[in-house]
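This report covers the overall fold, the nonpolar core and selected packing contacts. The sequence and structure come first.

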Amino acid sequence: MGLQYIQTLPITTKQDLREAGIFGHLAVDRKEIAQYHESTGTTGEPSASWFTQEDLVTGGRQIKQCGVRLISEDLVLVRFPYALALPAFLMQQAALQTGAGVVPASGRTVVTPYPKVISMIKRLAVTVLAGLPREMELLAEVARLSGADLSKDFPTLRAICVAGELMSDKRKQHIEKLWGVPVFNMYGSTETANIATMCEHGNMHIVDEDFVVEVLNEEGTNAVPYGEKGFAVITTLSHQGSPLLRYYNEDIISVDSSICPCGRTGAKLTHYGRRWERICFEDIILDANDIQEAIYSLSPIPVAWQVIEQERGLHVLLDSHEVDKWSEEEVQSLLSSQLQVPITLEITSMLDRVSLMDNKPSTKPLYIRKRSTDA
Ligand SMILES: [Zn+2]
């Protein structure tokens with residue numbers, strides 16, 4: 001049966017995977033298992049996957065297609081957490097396959113606090129940083145607090161690779177400006193590995209030898225027109241350990257054909273956020289990407305923020321060391337004109353800068369708090 005008939009097959013939901021149990025989607029003998037991975041989302045339900053040795057190699061190859069173009073002279077500081085999560089290990093694989101060196105500087109642990117990482121980037125002459133976008137923002141804040149000049153003190157740094165969180169265009173520009181180097185995003189998940197990687201021109205190309213990506217309506221019954229927003233349904237073509245057929249991962253994406261100057265042929269994927277993050281007010285639908293674009297168009301851009309859904313609008317918390325540059329009225333009117341809903345504003349201290357400079361590991365941030373979500 002050809003792939004053109006894929007739409008006649010049923011979709012696989014997160015609920016299906018939960019009901020199948022932890023071994024339910026294991027598709028190889030136990031002796032073939034190389035690694036088990038798991039991530040816990042804001043909803044508290046873990047997503048899991050199994051990797052064979054070959055799957056890990058494939059995962060590294062997917063990342064190698066990223067516009068960062070690792071070379072053997074690179075030294076990559078990996079700030080992704082090494083406990084259970086997948087990205088650190090795929091980044092290691094990509095480095096291994098290109099001959100680049102790795103500094104495993106895991107996040108979420110007391111072993112590698114922020115000031116230590118900042119000092120390692122400098123002392124070890126790191127060329128590429130890899131981690132969550134939030135870690136790049138927090139590392140920049142720690143560098144500022146310790147008196148470092150990001151544009152001058154890390155002359156060997158040439159690029160940053162991020163994954164694991166939504167990164168809108170404006171957030172990408174912000175991190176590029178903070179560090180003075182290009183930022184490359186990757187889109188994937190624990191269950192699927194890396195589906196799309198960003199090229200030199202800022203487009204996330206689907207790794208189409210490994211994945212079929214469909215974009216369906218909310219009910220998962222029909223495809224939306226090409227280029228329009230919908231819900232991602234992923235089929236893995238090469239994954240052996242825990243393959244997935246038409247997996248509805250609850251991400252909101254669009255897929256568009258791209259004739260990109262980079263020469264990659266994979267269609268262009270844009271990620272807009274998770275289904276649970278979407279906020280609806282009568283005829284206004286706000287995705288996490290809309291909220292990020294509004295927040296990152298402020299000047300100065302906040303160092304920490306949170307958006308809380310209210311009955312008739314949004315309550316926005318903002319933190320910056322340059323609060324005096326914000327006029328509350330201007331910020332409020334800018335956000336409400338961008339998001340088209342009433343905004344209440346609270347300029348406050350959210351980031352514990354003492355802990356950041358100390359030995360305290362970071363925890364998962366929550367950017368959007370829904371009225372119905374007990375997160
Ligand atoms: Zn491209």
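## Overall fold

The protein has nine helices and 19 strands, where helices (H or I, at least four residues) and strands (E, at least two) are DSSP runs numbered from the N terminus. This is a predicted model: local features need pLDDT of at least 70, side-chain atom pairs count only at pLDDT 80 or more, and totals for chains, interfaces and linings use all residues. Residues are numbered from 1 along each chain as its sequence is written.

For 375 residues, a compact globule would have a radius of gyration near 21 Å, and the protein agrees, with 21 Å. That radius is taken over C-alpha atoms, and the globule rule is 2.2 Å times the number of residues to the power 0.38. Of the 375 residues, 41% count as buried; a residue is buried if 20 or more other C-beta atoms, placed from the backbone, lie within 10 Å of its own, exposed if 12 or fewer, and partly exposed in between.

## Nonpolar core

The largest nonpolar core has 90 residues. Such a core is a set of buried Ala, Val, Leu, Ile, Met, Phe, Trp, Tyr and Cys residues joined through C-beta atoms within 7 Å. Helix 3 (residues 87–98) supplies the largest share of this core, six residues. Among the residues with the most contacts inside the core are Met-91, Ile-160 and Cys-161.

Leaving aside residues up to four places away in sequence, Ile-160 touches Leu-129, Met-136, Ile-175, Trp-179, Val-181 and Val-183; contact means C-beta atoms, placed from the backbone, within 7 Å.

## Phe-184

Phe-184 lies in strand 7 (residues 183–189) and counts as buried because it has 24 C-beta neighbours inside 10 Å. Not counting residues up to four places away in sequence, Phe-184 touches Cys-66, Gly-67, Val-68, Ala-159, Cys-161 and Met-198. Phe-184 and Thr-197 are 13 residues apart in sequence and 7.6 Å apart in space, C-alpha to C-alpha.

## Helix 7

Six of the eight residues of helix 7 (residues 288–295) are buried, so this helix is largely enclosed by the rest of the structure. The buried residues are Ala-288, Asn-289, Ile-291, Gln-292, Ala-294 and Ile-295. Their packing partners are helix 6 (169–179), helix 8 (328–339), strand 13 (268–274), strand 15 (284–286), strand 16 (304–309) and strand 19 (368–369).

Conventions:
Contact = placed C-beta atoms within 7 Å.
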